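My entries follow the display.

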Amino acid sequence: MNTEYKRILYINLATKEYEFKIHQDLRNYLGGIGVGYKLLLDNIDEASAIITCGPLSGYFPYISKACLLYTHANRLVEKFGGGVIAAKMNMAGIDGIVLIGNSPENLHISVFDQEVTIATETALALKDNQLDLALSKKIAHSDSYFNFGSLDGLELPLEGHVGINIDTSSSINMVGFYDYEKLYNTLLDDYKMLTVEPGNNPSCMGCPMGCDKSSKGEDDINVAILPRCLIACGYSEEIFKHIPTVYACLTSIGYTYHHSYLERVPSLVGEVRANINEVLNKYETIINS
Amino acid sequence: MPKRYLTASREHKCIGCQLCVLAASRYEKRKLGAKDSFITIKGQPGRYKIQIDYGKPIKYPEKIVKICPQNCFDIITS
């Protein structure tokens, strides 16, 4: 968790080099699609895929999804999936991962604190690993179960397979334990506001629901920008679309976002999205002419 | 005073939500995250294993029992 900046991991798949960068300018985008859009706009020519988590991922119930952004045939593709990847990223202090370039090899990327190991493996060996995130042309899933929706006709621009494992290397000292606890339990009790039924299926990290939707991704639902910046589960939109709730959650664990910041987030994110579309339309026009 | 132990008697019901992992860190260490937790969830979806580290006495086992949505835990008194 980074309160004053966003820490982004850049991985060059072709050269197998990596770099952590601190972005203070991304702080206003909150996280999730906000940070993802801005990273995509800034790296639109080089980035193969961008994965982001939210500022509260894993710390509050139902905030359990990660966002996968890439372009396909000059169209922006955004996918959301659960599992453990978002919480692990946030708990390792990584707000986003930018995959640059491409490689025909199958790469296993392990992240522990500041160390990143990028190893070449066979597809079978990579499959045998319990991967926090597995990506290939037609696959995007966490823990071999939690899919990021269907990639049919929207293939990822990756030649080989990419598997990512992240070690949760940091934890936060709780300042306002009782405030946090009260908020956490209130949210747990609000499970009836979700539009899914509790079940006994494998559940995303930090979500007690065990619903039957967790394996499918969120292709079929539209969600407001604020919950998408937290990357709350789409079925909990009713809880996390309210600014006072989001503000209380952020403040309780030490973020210093002002209320007015949160009010500006949707327009800020909308602007970046429009800029991305503009750039992609230009590319499309050049290709067609 | 009798000692109380936390056990995962109904591990087969675990859905891997890790609320217990986060709660263990929160109540025992006053920390948010999974790193300092005495509970670890291993295995694949549908076949999870709950590992409990008994290295230190667990102060609030009842909190872990309460938070599990699948009622996987019990407290044994000796």
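The entries below cover conventions, sheets, helices and cores in turn.

**Conventions.** I worked on a predicted model, in which local features need pLDDT of at least 70 and side-chain atom pairs count only at pLDDT 80 or more, while totals for chains, interfaces and linings use all residues. Residues are numbered from 1 along each chain as its sequence is written, chains are lettered from A and ligands numbered from 1 in the order in which they are written, and side-chain values use heavy atoms, with hydrogens and water left out. I took helices (H or I, at least four residues) and strands (E, at least two) as DSSP runs, numbered from the N terminus.

**First sheet.** I looked up the strand order and found an open sheet of six strands in chain A, β2-β1-β6-β3-β4-β5, with mixed pairing. Two strands pair if DSSP finds at least two bridges between them. At the edges I noted β2 (17-23) and β5 of chain A, each pairing on one side only. The twist averages 20 degrees from one strand to the next; such angles run from 0 to 180 degrees between N-to-C directions, with axes as lines fitted to C-alpha atoms, for helices over the stretch in contact.

I then checked individual pairs. Strands β1 (residues 6-12) and β6 (residues 96-100) of chain A run parallel and share five bridges; A:Asn12 stands opposite A:Ile100 there. β4 (residues 66-72) of chain A is antiparallel to β5(A), with seven bridges, and A:Tyr70 lies opposite A:Val77. Their hairpin has two residues between the strands, and A:Ala73 takes a positive phi near 50 degrees. Five of the seven residues of β5 (residues 75-81) of chain A are buried, that is, under 20% relative accessible area, against over 50% for exposed and in between for partly exposed (1.4 Å probe, protein chains only).

Within it, β9 (residues 133-136) and β10 (residues 139-142) of chain A run antiparallel with three bridges, and A:Ser136 has A:Ile139 as its bridge partner.

How many residues of helix α1 (residues 32-42) of chain A are buried? I counted nine of the 11, so this helix is largely enclosed by the rest of the structure. Among them are A:Gly34, A:Tyr37 and A:Lys38. α8 (residues 259-288) of chain A packs against α1(A) at about 30 degrees, with the axes 9 Å apart. The residues of α1(A) that meet α8(A) include A:Ile33 and A:Leu41, and those on the α8(A) side include A:Val272 and A:Arg273; contact means heavy atoms within 4.5 Å. I also noted that α8(A) lies across β4 and β5 of chain A, at about 135 degrees to β5(A).

**Cores.** A nonpolar core is a set of buried Ala, Val, Leu, Ile, Met, Phe, Trp, Tyr and Cys residues joined through side-chain atoms within 4.5 Å. Which members of the largest core touch the most others? I found A:Phe60, B:Ile39 and B:Phe73, out of 91 residues. Helix α1 (residues 19-29) of chain B gives the largest share of this core, seven residues. A second, separate core has 34 residues, including A:Ala66, A:Val77, A:Leu133 and A:Ile166. Leaving aside neighbours within four places in sequence, I listed the contacts of B:Ile39, among them B:Leu6, B:Ile50 and B:Phe73.
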